[in-house]
Structure formats: C-alpha cells, structure tokens
Amino acid sequence: MTRECAALLPGVCAALADPRQPGLDDTCLEKLLDWFRSLTWFDPTVELVQDNPCLTELITSVLALPDPSPSILSFTLQLAGILASSESRFQLLQQGKLLERLFGREGPRGGAAWEDASVRSAWLKAVHSMLHHQPALHLLCSTGGMDVIFALQGDPSLFVASAASQLLVHMLTFSLESEISKAVSAKDCDWPACAQMIVKHIQESLQSSSAPHIEQSLKLLSSLFGSCFGSCYAAWTEVLWLDVAKQIESFLLEETVQAQPLLANLLLNVARSPVFRDTEGSFWALVTSALEHLTPVQAGPLAVGLLKLCKCPQDVRIQALTVLLQPMDCILRAASQPLEFAGLLDESVSDPVTVESLLSSKTSCAGLLCQTLAHLEKLLSLKHLRVDLPCVSLLRSLMTILQFCNGFLSPASPLGSTISRNLINCFRVQKSALDVLAALSEKKDCDTLIGSLFDVLLAYLQSPNTSPTVLKKTFQATSKWLVHLQELSCSNSQWQQTEKILEDVFVVLQKRLCSPCWEVRDSSLEFLTAMVKCLGDQKEFRQCLLSSEVLRLTENLLEDPESYVRASAVTVVGHLAFMACSAPESPVMGNPYNKENIVAKLQEILSTDSEGFPRRAVISIFTKWLREGCTGQLEDTEQFVSRVIQTVEHDLDWEVRLGGLELVEVFCSQTICQLSQCPYAPVSSAVTDSSPQKELLQVFCRAKLFGFLFRSLCDCDKPVGQRACDVLIGLRGHFYPMSTLENRQEIEDSPAGRGIAWLQRTLRQGSVAQNFPTDGGDGVDFQDPDSMMLALGAIDLLELHDELNKSSDHVEESPQSLLQDILATVGTIEDNEVDCY
C-alpha cells in the first residue's frame, strides 16, 4: 500500500463506520474490496492489519452498531473474510474475537439485517474467502456455521442457495487436502470432521421425506462429482458414491419422487470421474437403469453426455444412442401404414408407447423433437463419434418431419395424422430439423436420397408459408447440400441431375430476391454469396447463374431501401467480381458488370450511402480484392488505394475508417513483397542508399498513405489509432533496423525536422489535437519521401503505442483516486455520483 493510500484509509474507514453518513454506491464498495483482494493475494503477512489499525476499528465499530445498513454490513463481512484469508492475519483478528463475533452464533445471522439476501450472500462469500487454512475451518465447525450453510442451501434467493452449495463443495475438497496422500484405496478413507459433517448431511437429506432437501442434496452431489473433487480424490469419490448409490437407485424406481430430472446430471458427472471410467460393474448398470426409467426428455441430456465420453462401455453407448433415436424412429414408423421403410431401431430401450404419447400431445410434441434434434446436431459436430449413426434413416426421418411441418405429407396411420397436426407450421421444429439436415451434409452415406431431399428443400424455398427465419435456415441447408451434390457429381459424372437442381434453385432465388420482405431479400443474397464462395469455380454453376436473372436483380438491390440488404448486395457483387477475376475465360459479368463499372458503383456507395452497413461492406470487399490480387498492376492498385483512403478518411463510421487501415496494411505488405528482394526484412544499410526502398517510399507517398496513417493516430475512436500505430510500427521495422533510428536532436535542427518535431508534439495530444496538419501545413509534407523517412525514424511510435493501449480511466482507476472519491462523496445528501472506475 502506498503512503498516500495509507493516509487516506483512516478517513474512509471512519466514514464507512459512521451511521450518520449516507450509504456509498455498491460499485464503489465492490471496487474497494477488489483493492483489498489484490493487496492480500500474494502477501500472507500481518503487516496490512498491523500497519492500518483503522481496518480492525472499522470491523469493531460496525459490530457495535445496533442496526447497521445491509450494504455496510455486507462490505465489513467480506473485508474480514479477505483479511482472514491468511492464517497469520486470521490469528491476529481472532485475538479480539472479531471473526468469532462476525461468523459465530452471536454474529449478524441472528439480527434483522440477516433478512436481506445481500447480507447472507456476503456472509457466504466471506467464509469462502477465509477458508484457506485449518483454523478457519475449525472456527466454522465449532460455532454452528455448518448448520447455517446447510440451511442456506434452501434459501429463497437462488444466488444465495447456489453460493451455499459452492461453499460446501469447497469445504469438502479443502478438508481433504491434508488427507490426500493417506488414502490409497477406499478402505483407507477416513473422513475428516468437517467432511464427515457434510457427508452425513447429504445422507440424511437423501433419506428424508422432504422433497426440497432431497433436491438440494442431489444438486450438491452433482456439483461435487462435477468439480475437482470427482477427478482428484478418487478414493473418497468411490466411498461417497457407494454411500449414496442405493438411495439414487431407489429414486429412479420411485415415480413419485420429483427429483428424477436431477438424476441425469448427477449420473453424467459421476460417469466423468476417472474412478468409474474403466469399470463395468454396478455403476454402469445403474446408468442403464436410468436410461430405461427416466422419461425421454429427462434421459436425452444423459444420453448425449454419455456418447461424448471417451471411455464408456459400448453397450451403454449403444443404449444411449437408441434413447436419442427413439423419437426419430417413431416419426418414421408413423409416416406410413403399412410401414414403407425400415425404422431406425431394431428394439427400443424404453416402452415405445411413452414416446408415442409424448409426440401425440400438442404440448410435448415440439419440445421433445427440438431437444432430440439439438442433441443429434451436437453428435454430428463431433469429429470422433464412437457409434455408427444410421444416417440414411435419420435423413429420411428429418425429411418426414419437415413434410409434416409444412403439410406436404398426409400419413395414413392415425399416429402419423396426429403428429402431423401437432407439427403443422411449427417454426421451432422446422429450424431445428434444418440445422440437423445441414450437419448431415458432411456424411457420405446419404447419396441415394439427394433427389428426394432437394424436393423437400425446394418446396420450402418456394412455399409462401415459409417464415423468413425458416427460409434462412433452408437456404443454409441448401447451400451445404449443393456443395455435397457438386462433389458427388464430380466423382460420378451425374451432371444432368446437378444442373437441373441448380436451375430450380435459381428460379426460386429470382423470386425471393424480389420479395417485399427485406429479411427474405437479405437471406437470399447471403445464400447467393455462400454459393459463389463454394461453387464459383464450377463451370456448371457459372452457366446457370448467367442464364438466370439473378445478376440483374442483385445489381438492383444495391439501391434497396433497407441498408442491410444493400450491404448484402455489395458483398454479393464483390464476390461475383472476384469470381470473374478468377475465371477470365468465362465472362460471368456481362457488360454492365465489368470491373470498372463495379468499382465505380461501390466507390459511389462508399462515399454517398447514408448508412454504415453498406459502406463497411464496400471497404471489406475492397480489402478482399486487394488481398486476393484482383486490383491489377501496382500502378492501378496504387491509384485505387489512394482514392479509397481519401474517401474513408472522412467517414463518420469508425469501423469504416478501421477497414481503411486494414486495406492500407494489406497494400503495404503486398507492395513490400513486390519491390523488396526479401519480403518484410529490414534493410541492412542506410535506406537512402537503397533504390527499392526509395521506390517503396515514393509509392506510399503518392498513394497518400502517410497523411492517412498519422491523422488516424489522433482519431477519436481508440481502435483506429491503435491500428494506425501498429501499421506505422510495422513500416518503421521494415525501413529501420532497431539500431539505426535517426538522431532526433539532429533532425530537429533541420528545416524538415522542425515540422516533424511539431508533428510529434501534436500526436502526443491524441484525439484532443486541434487543427491537425494537412499535407504541407506547419512544415510537414506527408507526400515527401525524405520527410516521411525522417518521421518514421524520429517519432516515438512505441511511446504512442503505450499511450493508445492505456485504458481511458488509467488515472481514475487507481486506489488513491478511489479513496479520494469516497471521501469526496460521503457527507453529501444528493444521490451519489461517484466517479468510480
């Protein structure tokens, strides 16, 4: 602690303990606690408390108050817990019985302030902070603190209840730390006193007739097995599980117990413990029983969790997959009568009637399917799934669900008719099914159904009843399957099927690009961008694109009234131009789409569009063109970059200006690569003797890069200044090895140097700089290579970099400033408006 802070602290403590003072802002108190945490984190000694007696005086004064405010009492509790986190400070505070008075039976837990949830929460936080040594644990166990924590597990405040549960996990783990080397196997386990109290509490709660107590203990067990306890304390984990396993098994079989939904999470956390990974005994039998007895909704999270485990018996894994596939199997079997296709499953884990009844109910049908589909999407995203998914049957089931949802399938079976009525126009299920459908495109086993699949997708794309959000998902799934179809066509030469599907897609796309709904137009353009990215190098795709009206309609949308649509149209046009640049043998762009026209249109949008989104899209496309080498020869690129940055420099949107700096960075890198023998390497001799380096500087000056970069250093939006500084530091690293920076004193004595010195002073002012010099102003010529060479070598860019990377409140956030704010605020009767970081 600094001398200045030590001098201010007594006044702050006195103000906090004075009941006549108005309460401080909670944020201020929290920041004060943060400061004490930082002071005690690496320093366990007693000096902090000994050198600042005002801290113990504050605790004593608050304890003496008959009715302290909840905020001050909460602060005092947490402060005491932080100070008592080291054993030496704990013993010092205990000399005056302060901790016993705060956390013992006579403490605040018996007063009126205890009714405030913030006080109960602060008490738990304080105990958590203090529990880093055995004396603190002994204090809590000997003064009835354990009973308080057990009671707070059922607190009406969810924050308090959660904190109590987390504290018990910490206490059990901490109490075992000194015993960890003693227990080699379960036979050697002897619970320490505190741990024994917690385990006994869990057992008694599980055996009680109180549903809330059962639920609290199940949550606590789940947290325990899910924490480091379950993975680091193998012997005790096994003992604890053996103590509760019979009771857990009874809950699975008793349908009246309301705790069943918690069992799935508990079993999954136990399964993750190394103790049970390699066994095939009673635990896995219990997991199997859970998969059978829990409802499909309850068993789903357990099943998908088991399938993601590295070590799980194969029979359990297959059973878990069966649980997830049961609803999909039911859908497939209900779609036709008699059964046209084989279902997904040979046999079910639980009674199929249960799944059928859930799907027959209007209230549960969508919920069960959405949960199942979300789990299947997770499984499909895994790189290594240790069971084989029946992808063809799964795809058929998904298509059936989508047809049920849009009413395109009329099942003959009574169950199918009921499910179809439940799902008609159900957007939630449609979106979930389309997500899984898109994920299935990565699989190689579904080729035989591609024709039928695109029939379903096209039906959704064509239907006026498809909602904009569902249409967006349909476009996303369609683009992924089109890529798969293209790969398939390349391997088996089925071009006719591919061309027919592409033609149908473009016909639909033309219609959707003219939709009165802007979300639909926007999704259509995003879909077109995705197709151009993935299929733009395919001759068949380019031919279908040319023969459609899509290019003309896309050009029209550059003037759409909705800015999001204009931005998406810019992106499409930019990618189409890149496609034409990549495949010059096939003029995808017609005459109105030649390169000069496109550049002119986009530059007009960049300089005139009233909304930021289209302008951001333009600068992003220009950067992509430059990065991919689509802007022509160096001379053309130089003029292009110069025009763009002169426009961007005055843009009111900081993201557009930031995009301009990214464009400059790409241009600098590419120009250095082209003109230097060794890209990115610093020169070995004085730069003035190197012709390629002179040429580089001339190119950058002609493009007016330096004026843009130096002015950006003073941008009012910090990310812009930071990026400009990074670019300039990169340029200096190229032109100057670290040992050959210019002598600043010599530079200042030269005519150009005086202007550069003035520029350095201006840059130090940052965003508050007024009248930043234009080219040639104040003796600074941003287009003179020699002057800019001097500027790069003389201006302290690293100092500017440090200043730009400081937080805006780096002065105000100091502890001294915080203490001064508190002293300035107390005693006022107005609402507190502390300038607290």
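**The largest cavity and beyond**

Modeller: The lining has seven polar residues, three nonpolar ones and no charged ones. Keep in mind that this is a predicted model. A search of the whole structure gives three cavities of 30 Å³ or more.

Now turn to a helix contact. Two packed helices are described by the angle between their axes and the distance between the axes. Helix 6 spans residues 87-94, and helix 9 spans residues 134-142. They pack at about 45°, with axes 9 Å apart. That angle makes helix 6 oblique to helix 9. Helix 6 brings Glu87, Phe90, Gln91 and Gln94 to the contact. Helix 9 brings Pro135, Ala136 and Leu139. By class, this contact has four nonpolar residues, two polar and one charged.

Charged side chains pair up elsewhere. The structure holds 22 salt bridges. One of them joins Asp155 to Arg120, at 2.7 Å from N to O. This pair links distant parts of the chain, 35 residues apart. Arg120 sits in helix 8, residues 117-130. Asp155 lies in the loop between helix 10 (145-152) and helix 11 (158-176).

Notes
Residues numbered from 1 in each chain as written. Predicted model: local features only at pLDDT ≥ 70, side-chain atom pairs only at ≥ 80, totals over all residues. Heavy atoms only, no water. Axes fitted to C-alpha atoms, helices over the stretch in contact; angles between N-to-C directions. Helix = DSSP H or I, 4+ residues; strand = E, 2+ residues; numbered from the N terminus. Parallel < 35°, antiparallel > 145°, perpendicular 65-115°, else oblique. Contact = heavy atoms within 4.5 Å. Nonpolar A, V, L, I, M, F, W, Y, C, P; charged D, E, K, R; others polar. 1 Å grid on protein atoms, 1.4 Å probe; cavity = no way out; pocket = protein on both sides within 12 Å on 5 of 7 lines; lining within 4 Å. Points joined across faces, edges and corners; volume = space filled by probe spheres on them. Salt bridge = Lys/Arg side-chain N within 4 Å of Asp/Glu carboxyl O.
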